[in-house]
Amino acid sequence: MSAKTLTRMDLSEAVFREVGLSRNESADLVESVLQHMSDALVKGEQVKISSFGTFSVREKSARVGRNPKTGEEVPIHPRRVLTFRPSHLMKDRVADGNKS
């Protein structure tokens, strides 16, 4: 497996090559899309990208955890967590990548 990470710059460069916008316009477009996704998630909305997957926010309630080293009980406060559920097409593409 490759340790390469896809970055915002990589995405804006791909938009620049594929769509033909200027580099600045491509970077602005990527930033705008990511900002819209982020704003929707902060409001508790789902972000569904067809053939890719669904991002959503889940509420986790308070519970008692345990420090594995000491065994001491530690309260875990309620919080919101981001979840991603890949589409079946994305799962299939990733699984097909394992065959090579």
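Colleague: Which residue forms a salt bridge with Lys4?

Modeller: Asp10 does, and the closest N and O atoms are 3.2 Å apart. By salt bridge I mean a side-chain nitrogen of Lys or Arg within 4 Å of a carboxyl oxygen of Asp or Glu. Bear in mind that this is a predicted model, where local features need pLDDT of at least 70, side-chain atom pairs count only at pLDDT 80 or more, and totals for chains, interfaces and linings use all residues. Residues are numbered from 1 along each chain as its sequence is written, and side-chain values use heavy atoms, with hydrogens and water left out.

Colleague: Is Lys4 buried or exposed?

Modeller: Lys4 is exposed, at 62% relative accessible area, while Asp10 is partly exposed at 25%. The cut-offs are under 20% relative accessible area for buried, over 50% for exposed, and partly exposed in between, using a 1.4 Å probe and protein chains only.

Colleague: How many salt bridges does the structure hold?

Modeller: There are five salt bridges. One of them joins Glu31 and Arg8, at 2.6 Å from N to O. Glu31 belongs to helix H2 and Arg8 to helix H1 (residues 8-19), so this pair ties together parts that are 23 residues apart in sequence. Helices here are DSSP runs of H or I with at least four residues, strands are E runs of at least two, and both are numbered from the N terminus.

Colleague: And which residue does Arg23 pair with in a salt bridge?

Modeller: Glu13, with the closest N and O atoms 3.0 Å apart. That pair also links distant parts of the chain, with Arg23 in helix H2 and Glu13 in helix H1, 10 residues apart. Arg23 is partly exposed at 48% relative accessible area, and Glu13 is partly exposed too, at 24%.

Colleague: Switching topic: which residues make up the largest nonpolar core?

Modeller: Five residues: Met37, Ala40, Leu41, Val47 and Phe55. Helix H2 (residues 23-42) gives the most to this core, with three residues. A nonpolar core here is a set of buried Ala, Val, Leu, Ile, Met, Phe, Trp, Tyr and Cys residues joined through side-chain atoms within 4.5 Å. In soluble globular proteins, nonpolar side chains tend to be buried together.

Colleague: What does Phe55 touch?

Modeller: Leaving out residues up to four places away in sequence, the contacts of Phe55 include Met37, Leu41 and Val47, and also Leu82, Thr83 and Phe84. Contact means heavy atoms within 4.5 Å.

Colleague: OK, strands now. How many bridges join S1 to S2?

Modeller: Three, and the two strands run antiparallel. Strands count as paired if DSSP finds at least two bridges between them. Thr54 in S2 is the bridge partner of Lys48, and Thr54 is buried, with a relative accessible area of 16%. S1 and S2 form a hairpin with three residues between them, and Ser51 in the turn has a positive phi of about 65 degrees.

Colleague: What about S2 and S5?

Modeller: S2 and strand S5 (residues 79-86) pair in the antiparallel sense over eight bridges. Arg58 has Val81 as its bridge partner in S5.

Colleague: Which residue in the turn between S3 and S4 has a positive phi?

Modeller: Gly71, at about 80 degrees, in a hairpin with six residues between the strands. Strand S3 (residues 63-66) and strand S4 (residues 73-76) run antiparallel and are joined by four bridges. Arg66 stands opposite Glu73 in S4.

Colleague: Last bit, the surface. Which residues make the nonpolar patch?

Modeller: Ile49, Phe52 and Phe84, giving about 230 Å². Such patches are built from residues with over 30% relative accessible area and no salt bridge; nonpolar side chains (Val, Leu, Ile, Met, Phe, Trp, Tyr) are joined within 5 Å, and like charges within 9 Å. The areas come from the Shrake-Rupley method with a 1.4 Å probe, and for residues only the protein chains shown count as cover.

Colleague: Where is Phe52 found?

Modeller: In the loop between strand S1 (47-49) and strand S2 (53-60). Phe52 is partly exposed, at 34% relative accessible area.
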